[in-house]
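Subject: Structure handover

Hello,

Here is the structure I said I would pass on. My notes on it follow below.

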Amino acid sequence: MITLPAGTRDIWPGFSLSIDQPLVFQIGESYFLKGANGSGKSSLIHHILLPELRGRKELYVLCLQQQMHLQIYALRAQAAIFQPGFAIRGEEDVWRYLWQDLAARRDNLPVYVIADEACSLDIPKDIQRPICLIYSSHRYQLEKAHIVEFVQLSPQKTVIYA
Amino acid sequence: MSYLIADGQHPLVCADAVRDEIILYNLGVEEEVLLFAKFERITAKKIDAESKLEALSGGQKVVLMALLALFSPAPRIEFLHLSHSLDDDKATQILDMIKQSGKEILLKDLS
């Protein structure tokens, strides 16, 4: 379980995110980051959530970035070394590659899946590992996902409610 | 027939300031003023030529890309993956601008 404490964080000069109540992300649950463009969803992921998850030995983090062309180039390079012939053309291939990589690991550590504006959220059926899914999208919402709402008070300030 | 390609999955090419994208799209002075005004109306965020691109959210980058393409001299534009990163309000405003642009426009992967 990951808990982000309540409080206000300056993301950069002229923009801050306020977390209304402690934000809890539990294994086995899904969380939908809901908010307009520019409300701070990616900022929460990159400036608060990922630094909290990074370096933890007891879990995996699988993060799909918004506008992921740089991530695609990086994974192509990795695949060329470790899985020659695995073609990574777009986001679907990135999903497949990362899940396959995770499935090959012989442990049952949980994985935090973070998908920032992902086109697809298809988690393979044969994945036995415990998962916490945190995603943002303007196109769909999973039925059982908890809503984490980003309310923009001004271009300079957003409050996050769970 | 050649088209200016504007892809919402790779909205901006430059890494520094808005000015670089304006040069790339060959906008005139009048179009530049219109671009900033329209961007502020759609996103409620004020930008100018010196604004850093890294300070824009993913969706704001897509809005900027669409406006740059629409205000550019290109008579034909092909938009790819345009609405995926936009909330409903911004997608509607951009699509309205496309309809009113008078340019020849193709929309693909409008998911």
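The contact between the chains takes 13 residues from chain A and 17 residues from chain B, where contact means that C-beta atoms, placed from the backbone, lie within 7 Å. The side of chain A that touches chain B has four nonpolar, seven polar and two charged residues; Ala, Val, Leu, Ile, Met, Phe, Trp, Tyr, Cys and Pro count as nonpolar, Asp, Glu, Lys and Arg as charged, and the others, Gly among them, as polar.

On conventions: this is a predicted model, in which local features need pLDDT of at least 70 and side-chain atom pairs pLDDT 80 or more, while totals for chains, interfaces and linings use all residues. Residues are numbered from 1 along each chain as its sequence is written, with chains lettered from A and ligands numbered from 1 in the order in which they are written.

Chain B runs β-α-α-α-β-α-β from the N terminus (DSSP runs: helices H or I, at least four residues; strands E, at least two). Of its 111 residues, 39% are buried, meaning 20 or more other C-beta atoms within 10 Å of their own, C-beta atoms being placed from the backbone.

Regards

How values were computed
Two residues are in contact if their C-beta atoms, placed from the backbone, lie within 7 Å. A residue is buried if 20 or more other C-beta atoms lie within 10 Å of its own, exposed if 12 or fewer, and partly exposed in between; C-beta atoms are placed from the backbone.
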